[in-house]
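I am opening a notebook on a structure that is new to me. My entries follow in the order I looked things up.

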Amino acid sequence: MSAQPHSEVSLPRPIGAVPDARLLTEAVTRLRRALRASIRTDYPWETLPTAQVELLQVLGEHSPARISDLAGRQRLAPSTVSGLIAQMITAGLVTRDVDPTDRRASVVALTAAGRDQLAAWTTAHEHRMDAALSALDDADRAAIANALPAIFQLAERLGEPTDAATER
């Protein structure tokens with residue numbers, strides 16, 4: 001993969017002046033922002049807040065789940081997740097039931113409407129991403145494809161707990 005971007009892409013700073021971590025953070029931020037904005041433009045029906053979409057995604061993989069488990073997976077406060085879940089219950093995307101293994105706790109699960117919304121969101125994003133990737137040249141598409149395993153590994157590392165004392 002070429003270290004230099006194409007000339008039509010402008011970076012906030014020259015490549016050599018910023019650590020790779022900062023450039024990667026900026027690239028991911030720009031990618032998320034661009035994807036979010038383009039989806040809202042190309043698919044105006046898509047109005048779910050990103051935090052709710054991310055909860056739908058987690059529930060799509062791990063359902064039913066306790067609020068505390070969802071909060072831990074998303075690194076959010078349980079009260080934040082509880083508020084998001086309340087909105088999603090009102091929208092008919094999830095249900096809350098008593099946990100069969102611990103009647104004092106509750107679990108959240110996707111409804112059929114939640115599964116449908118998640119599938120529509122995923123399909124819309126895949127179509128949008130396919131269109132953007134198709135506009136790139138073969139070398140850039142190959143570079144992105146080759147980087148995907150490392151990006152997934154990086155995401156796994158970022159999801160691991162860190163020792164704050166060693167970071168200081």
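Is Val28 buried, partly exposed or exposed? I looked it up and found 41% relative accessibility, so Val28 counts as partly exposed. My scale is this: buried is under 20% relative accessible area, exposed is over 50%, and partly exposed lies in between, with a 1.4 Å probe and protein chains only.

Before going on, I note that this is a predicted model, where local features need pLDDT of at least 70, side-chain atom pairs count only at pLDDT 80 or more, and totals for chains, interfaces and linings use all residues. Residues are numbered from 1 along each chain as its sequence is written, and side-chain values use heavy atoms, without hydrogens and water.

**Entry: the nonpolar patch**

I placed Val28 in helix α1. Helices (H or I, at least four residues) and strands (E, at least two) are DSSP runs, numbered from the N terminus. Val28 belongs to a nonpolar surface patch with Leu24, Leu154 and Leu158. Together the four have about 330 Å² of accessible area. I note that such areas come from the Shrake-Rupley method with a 1.4 Å probe; for residues, only the protein chains shown count as cover. The elements giving two or more residues to this patch are α1 and α6 (138–159).

Patch members have over 30% relative accessible area and no salt bridge; like charges are joined within 9 Å, and nonpolar side chains (Val, Leu, Ile, Met, Phe, Trp, Tyr) within 5 Å.

**Entry: the positive patch**

I then looked for charge on the surface. Arg30, Arg33, Arg36 and Arg40 gather there in a positive patch. Lys and Arg count as positive, Asp and Glu as negative, while His and the chain ends are not counted. Each charge is placed at NZ of Lys, CZ of Arg, CG of Asp or CD of Glu. Arg30 sits in helix α1. Its relative accessibility is 37%, so Arg30 is partly exposed.

**Entry: salt bridges**

How many salt bridges does the structure hold? I found five. The term means a side-chain nitrogen of Lys or Arg within 4 Å of a carboxyl oxygen of Asp or Glu.

One of them pairs Glu54 with Arg32, with the closest N and O atoms 3.2 Å apart. Glu54 is in helix α2 (residues 50–61) and Arg32 in helix α1 (residues 20–42), so the pair links distant parts of the chain, 22 residues apart. Glu54 is partly exposed at 24%. Arg32 is partly exposed too, at 42%.

Next I checked Arg66. Asp99 forms a salt bridge with Arg66, the closest N and O atoms lying 2.8 Å apart. Here strand β1 (residues 94–99) holds Asp99, and the loop between α2 and α3 (67–74) holds Arg66, 33 residues away. Asp102 also bridges to Arg66, at 3.6 Å between the closest N and O atoms. Asp102 is in strand β2 (residues 102–110), 36 residues from Arg66. Shared partners join Arg66, Asp99, Asp102 and Arg104 into one network.

Which members of the pairs are buried? Asp99 is, at 6%, and Asp102 is, at 18%. Arg66 is partly exposed at 27%.

**Entry: the strands**

I finished with β1 and β2. They run antiparallel, joined by six bridges. Strands pair if DSSP finds at least two bridges between them. Arg96 has Val108 in β2 as its bridge partner. The two strands form a hairpin, with two residues between them.
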